[in-house]
Amino acid sequence: MKGLIPRDFILDLIARTSILDVISKRVKMKKKGNNYFGCCPFHDEKTASFSLNEKKQIYYCFGCGASGSVVNFLMQYERLSFPEAIEELASMQGIRVPYIDSDNNQIDQSKHIESRNVRRDLYTLMAKVTDFYQQQLALPTSIDAQKYLENRGLNAEIIARYKIGFAPNDWRLTSQNIVKTKAEAMLYEQAGMLVTNDSGNRYDRFRARIMFPIRDRQGNVIAFGGRTIINDPAKYINSPETPIFHKGFQLYGLYETQEVNRNPQQLIVVEGYMDVVSLAQYGIDYAVAALGTATSEEHIKLLFRATDSVIFCYDGDNAGRSAAWRALNVLLPCLIDGKKITFAFLPQDEDPDSFVRKVGKEGFEKYLNEASNLSQFLFDELLKQVDLKTAEGKAKLSSLALPLLDQIRAKAFRLNLLQKLGNYLGLLDVSQLEQLMHENRSRSDRKGNEKFPVSQMKVTTMRVLIGLLLQYPNLAEQVSDINTLRQVKMAGIDIFIELLELCQRYPNITTAQILTECIDRPFYKQLNRLSTWESHYQDDEIDSTFSHTLKELYDNILAQRQDELIAKERVSGLSTAEKKELATLILVLSKKD
């Protein structure tokens, strides 16, 4: 069971669903050999590296590593939670998701609105609220809001383009105008538009605020940011997380930017709504902002899918540089060769809104063009902490830089930064740094408690067994005694046993169903990778390879038991039964040799 959705229903739903049907409606796929290929929707590419295996019902991108079942695809592509993805698949099949309570009792379905319909109705409601806010801004009674926007230099065209409005300074006026039915009241609350205080009283979340609608890539309003025009200590407040809004997955202004230019040459990442809108007012219509949160990995992916050049623009104070450093740490693992990354720090006491007013479009863009690139910013920050005139300083720079560079998967980026580090350290051969980085990583791996390390994907007994079982679940029929396996002391054995039990409980289970069932397990990433692992065994070799490897595992059990008995014999002696067992083990294992 996942949440309150029965496990059997989920597995049956995956079996009913064609991953090709779901993905081909969102990505153009073309059959090549046994698989289908298309351009990956999760990273920017021109050559199709996104593959789909219809037999196993899984996808894999050779470029960015995205992979999984149809559930993973919907969660990543549509930004859905696991239950929402299940609801979406069920809706496609024309069936209703059954819900059960903690005692496995069926819950009255009339109490639940299907997720897909909720999303659609929430979009409709938020559009209605947006219209209301825009109407309020135009009223003569909203003179303070109008003056505020006028003083910020915004004209009617920009206000209309970004659908900026005004939430009246009233506790319940917005809800009274929007909510007419019980269904709308439920949606209004789900949309995060209500606040309940300690006394149980409910009132509108946004009051006396300039309202900035946040839109998804289809242009649907999914949330709001509100800027106060009265003496409120909270200058900005944002919508909370809702079924249609997950702030770590959205960038304010990206929809409006791509309305102007579907493939912008560059994007500027700024900190606030007003920064985005003010820059657009001056013709710099390629600015976006995170939504009251730090830059996330998902934000980086959104940026890289939209453009090849990203400028992170921050205030020039310590807070701005700290925010930039946090963004850099998120960036490093996400870097893609061919992308240009720069960091611009504005003059003291300036933000994008104020600075563009002083220097105009041409002056602002010139300032951005002179910004530091990623490598300059990285080493500028690290060099502040060391003294390169001393051996100790160089050693410290190495210790600070190598863990950061080790996160980079983009080969050209990585090599360039290693060469720069080598120059600072006086090394001509960066292979020495690569070796040092490898040694550091090995030490870190040994210290960690990773149950099933697969980073290097070397062929091991457990990887072969788990990888083959995952890709060919019917192999579980070869295992007659799972309990014996519990005696094995080997990394990954508990994962193998769990998969065997799942496969034997559901004899016709598929790779996609296994991945979906294990989506919240701590070892899911390893399974996901093994599901697409090319083991290079021919189809007619799969059964015998699994059987032979399984035999090796059972032999390992016998050898472990033999070692235990020999050790016990030396320390405290053996009972008569144990002596007979040891003799038998020695005879059996000697014949195997």
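1. Cysteine 313 counts as buried because its relative accessibility is 1%, where buried means under 20% relative accessible area, exposed over 50% and partly exposed in between, with a 1.4 Å probe and protein chains only. The model is predicted, so that local features need pLDDT of at least 70 and side-chain atom pairs count only at pLDDT 80 or more, while totals for chains, interfaces and linings use all residues. Residues are numbered from 1 along each chain as its sequence is written, and side-chain values use heavy atoms, with hydrogens and water left out.

2. Cysteine 313 lies in strand 14 (residues 309-314), strands being DSSP runs of E of at least two residues and helices runs of H or I of at least four, numbered from the N terminus. Beyond its neighbours within four places in sequence, cysteine 313 is in contact with residues including Ile268, Ala344, Leu346 and Phe364, contact meaning heavy atoms within 4.5 Å.

3. Phenylalanine 364, again not counting residues up to four places away in sequence, touches Cys313, Ile268, Leu279 and Pro352, among others.

4. The axes of helix 11 (residues 273-281) and helix 14 (residues 352-369) come within 10 Å and cross at roughly 30°, the axes being lines fitted to C-alpha atoms over the stretch in contact, with angles from 0 to 180 degrees between N-to-C directions. Helix 11 is therefore roughly parallel to helix 14, a term for angles under 35 degrees. Met274, Asp275, Ser278 and Leu279 of helix 11 and Pro352, Asp353, Val356 and Phe364 of helix 14 make the contact.

Terms used: Parallel < 35°, antiparallel > 145°, perpendicular 65-115°, else oblique.
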